[in-house]
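Biologist: Can we go through this one together? I would like to start with the overall picture and then look at single residues.

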Amino acid sequence: MLNRRVIEAAVIEAARLSGHELNGQEKLVVRTRVGGVLAAKERHRQRMSTGEFQWHKPKPPR
């Protein structure tokens, strides 16, 4: 699984290497976006790993 802190550090380091020092607001945006992407990835993994849904027609009431 991808480590959130490693990804955040890599993005911040990439910005620093390109000559842009991130302020607190930009670091917050990086943290929230990375967290959102990893949460979406986990939701997708859960959806893909569930069994196939089989619908059954309801029985008529008696």
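What follows is a short chat about the fold, the charges and a few residues of this chain.

Biologist: What kind of model is this?

Modeller: It is a predicted model.

Biologist: How many helices and strands are there in the protein chain?

Modeller: The protein chain has 2 helices and 0 strands. Helix H1 covers residues 4–17, and helix H2 covers residues 24–49.

Biologist: What is the radius of gyration of the protein chain?

Modeller: The radius of gyration is 21 Å, whereas a compact globule of 62 residues would have one near 11 Å. The C-alpha trace spans about 75 × 20 × 15 Å along its principal axes.

Biologist: Which two C-alpha atoms could I use as an example of a separation along the chain?

Modeller: Take methionine 48 and alanine 14, which are 34 residues apart along the chain. Their C-alpha atoms are separated by 32 Å.

Biologist: Where does methionine 48 lie?

Modeller: Methionine 48 lies in helix H2.

Biologist: And is methionine 48 buried or exposed?

Modeller: Methionine 48 is exposed, because its relative accessible area is 59% and the cut-off for exposed is over 50%.

Biologist: What share of the 62 residues is buried?

Modeller: Buried residues make up 10% of the 62 residues. The protein chain exposes about 5800 Å², and carbon and sulfur atoms supply 58% of that area.

Biologist: Changing topic to charges. How many positive and negative charges does the protein chain have?

Modeller: There are 13 positive and 6 negative charges.

Biologist: How many salt bridges does a search of the whole structure find?

Modeller: The search finds 3 salt bridges.

Biologist: Let's take them in turn. Which residue forms a salt bridge with glutamate 8?

Modeller: Arginine 4 does, and the closest N and O atoms of the pair are 2.9 Å apart. The side chains of glutamate 8 and arginine 4 also make a polar contact, at 2.9 Å.

Biologist: Where do glutamate 8 and arginine 4 lie?

Modeller: Both lie in helix H1, 4 residues apart, which is about one turn of the helix.

Biologist: Why does glutamate 8 count as buried?

Modeller: Glutamate 8 counts as buried because its relative accessibility is 8%, and buried means under 20%.

Biologist: Next one. Which residue meets arginine 16 in a salt bridge?

Modeller: Glutamate 13 does, with an N to O distance of 2.4 Å. Arginine 16 and glutamate 13 are 3 residues apart in helix H1, so about one helical turn separates them.

Biologist: How exposed are arginine 16 and glutamate 13?

Modeller: Arginine 16 is partly exposed, at 42% relative accessible area. Glutamate 13 also counts as partly exposed, at 33%.

Biologist: Which residue forms a salt bridge with glutamate 42?

Modeller: Arginine 45 does, and the closest N and O atoms are 2.5 Å apart. Glutamate 42 and arginine 45 are 3 residues apart in helix H2, so about one helical turn lies between them.

Biologist: What about the relative accessibility of glutamate 42 and arginine 45?

Modeller: Glutamate 42 has 23% and counts as partly exposed. Arginine 45 is partly exposed too, with a relative accessible area of 44%.

Notes: Residues numbered from 1 in each chain as written. Predicted model: local features only at pLDDT ≥ 70, side-chain atom pairs only at ≥ 80, totals over all residues. Heavy atoms only, no water. Buried < 20%, exposed > 50% of the residue type's maximum accessible area, 1.4 Å probe, protein only. Rg over C-alpha atoms; globule rule 2.2 N^0.38 Å. Areas by Shrake-Rupley, 256 points an atom, 1.4 Å probe, with all protein chains shown as cover. Lys, Arg positive; Asp, Glu negative; His and termini not counted. Charge placed at Lys NZ, Arg CZ, Asp CG, Glu CD. Salt bridge = Lys/Arg side-chain N within 4 Å of Asp/Glu carboxyl O. Polar contact = N/O pair within 3.5 Å; in protein donor to acceptor, adjacent residues only side chain to side chain.
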